[in-house]
Amino acid sequence: MTDSFETIRQRMVQEQLSCRGIYDPRVLAVMAEVPRHLFVDDAMQANAYGDHPLPIVDGQTISQPFIVAYMTQALQLTGTENVLEIGTGSGYQSVILSRLCAKLYTVERHNNLLSGARRLFDRHRCYNIQSKLDDGTLGWPDYAPYDAIMVTAGGPEIPEPLVAQLADPGRMVIPVGDQEVQELQLVTKKDGLVQVEILERVRFVNLVGEYGWEK
Ligand code: SAH
């Protein structure tokens, strides 16, 4: 079984990532390595490498492999960065990020998702991940500034605290829009200047919190 997942995963990298503009060799390598099927329900393991998002608990979703790779690549991590992720969910994206940076801080508002993710962090020996249960729209001021920030839920606007906690220079990817569709925005801070670039049209679950949706 392990072998067959390995084969399916290599095929996912080739068919869904390499030929669609994912070129960063470190991102491709980590996507080929992390066992995505372990981050979904047993009943859904066979679909884990499909070209689509999958439901996890509490009405949340684990993003499509392409989106995970695309957002990760946009952060241009080299391995030395202090990174903040908002929306731990299954923990899949967190493990991907943790292997590409120095230290990952991740915030989740649902307790059972966070405890499930923490078990997987231990299982994958991700000792450079620190996580907490909180409203991630407030960021995590204790360890700021962050060289890179990734938000994996969509809100109506870019939360002000996240811009404040972004390092200079720094990069943030975040879906912004209404509750149905959003645009993926790349926020860069350089020499005190904050710029926003629109990347892709995306659909994420709601970012719920003080600087997100009410419910
Ligand atoms: N990156 C995740 C995707 C999870 S879906 C993965 O790879 O599985 C988005 C997650 O954001 C959900 O788990 C949801 O509970 C969480 N979320 C929504 N609003 C949040 C907030 N204000 N703070 C922290 N987490 C939030």
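The structure is a predicted model, in which local features need pLDDT of at least 70 and side-chain atom pairs count only at pLDDT 80 or more, while totals for chains, interfaces and linings use all residues. Residues are numbered from 1 along each chain as its sequence is written, and side-chain values use heavy atoms, with hydrogens and water left out.

A search for aromatic pairs across the whole structure returns seven. Here the rings of Phe, Tyr and Trp (its six-membered ring) pair if their centres lie within 6.5 Å; planes under 30 degrees apart count as stacked, over 60 as edge-to-face and the rest as tilted. Phenylalanine 39 and tyrosine 92 make an edge-to-face pair, with 5.5 Å from centre to centre and 65 degrees between the planes. This pair links distant parts of the chain, since phenylalanine 39 sits in the loop between helix 2 (25-33) and strand 1 and tyrosine 92 in helix 4, 53 residues apart. Helices (H or I, at least four residues) and strands (E, at least two) are DSSP runs, numbered from the N terminus. Phenylalanine 39 is buried at 5% relative accessibility, and tyrosine 92 is buried at 0%.

Tryptophan 140 comes back into view as the partner of tyrosine 105: the two form an edge-to-face pair at 5.5 Å centre to centre, with 80 degrees between the planes. Tyrosine 105 counts as buried, at 6% relative accessibility. Ring pairs also join Tyr105, Trp140, Tyr143 and Tyr146 into a cluster.

Attention now turns to the ligand. Of the 26 residues around the ligand, those that come nearest are Ser90, Glu108, Asp135, Gly136 and Val208; a residue is near a molecule or strand if one of its heavy atoms lies within 4 Å of it. The residues of this shell divide into nine nonpolar, 12 polar and five charged, where Ala, Val, Leu, Ile, Met, Phe, Trp, Tyr, Cys and Pro count as nonpolar, Asp, Glu, Lys and Arg as charged, and the others, Gly among them, as polar. At least two shell residues come from each of strand 2 (61-62), strand 3 (82-86), helix 4 (92-98) and strand 4 (103-108).

A backbone N or O atom of glycine 87 lies 3.2 Å from a ligand nitrogen atom, and a backbone N or O atom of glutamine 93 lies 3.2 Å from a ligand oxygen atom. From the side chain of aspartate 135, an N or O atom is 3.0 Å from a nitrogen atom of the ligand. Taken alone the ligand exposes 580 Å², and the protein buries 99% of that; accessible areas come from the Shrake-Rupley method with a 1.4 Å probe, and for residues only the protein chains shown count as cover.

Leucine 113 belongs to helix 5 (residues 111-123) and is buried, with a relative accessible area of 4%. Leucine 113 and glycine 87 are 26 residues apart in sequence and 9.6 Å apart in space, C-alpha to C-alpha. Leaving aside neighbours within four places in sequence, leucine 113 is in contact (heavy atoms within 4.5 Å) with Ile56, Val57, Asp58, Gln60, Gly89, Ser90 and Glu108.

Helix 3 (residues 65-74) is mostly covered, with 10 of its 10 residues buried; among them are Phe66, Tyr70 and Met71.

Most residues other than glycine have a negative phi, and most peptide bonds are trans. Just after helix 3, glutamine 76 takes a positive phi of about 50 degrees. Aspartate 58, one of the contacts of leucine 113, has a positive phi near 60 degrees. Aspartate 58 lies in the loop between strand 1 (54-55) and strand 2 and is partly exposed, with a relative accessible area of 35%. Aspartate 191 has a positive phi of about 50 degrees; this residue occupies the loop between strand 8 (182-190) and strand 9 (193-202) and is exposed, at a relative accessible area of 69%.

Cis peptide bonds complete the description. One joins alanine 144 and proline 145, with omega about 5 degrees, and proline 145 is found in the loop between strand 5 (129-133) and strand 6 (146-151). Another runs from aspartate 168 to proline 169, with omega near 5 degrees; proline 169 is in strand 7 (residues 166-177).

Terms used: A polar contact is a pair of N or O atoms within 3.5 Å; within protein, one must be able to donate a hydrogen and the other to accept it, and residues adjacent in sequence count only if both atoms are side-chain atoms. Buried means under 20% relative accessible area, exposed over 50%, partly exposed in between (1.4 Å probe, protein chains only).
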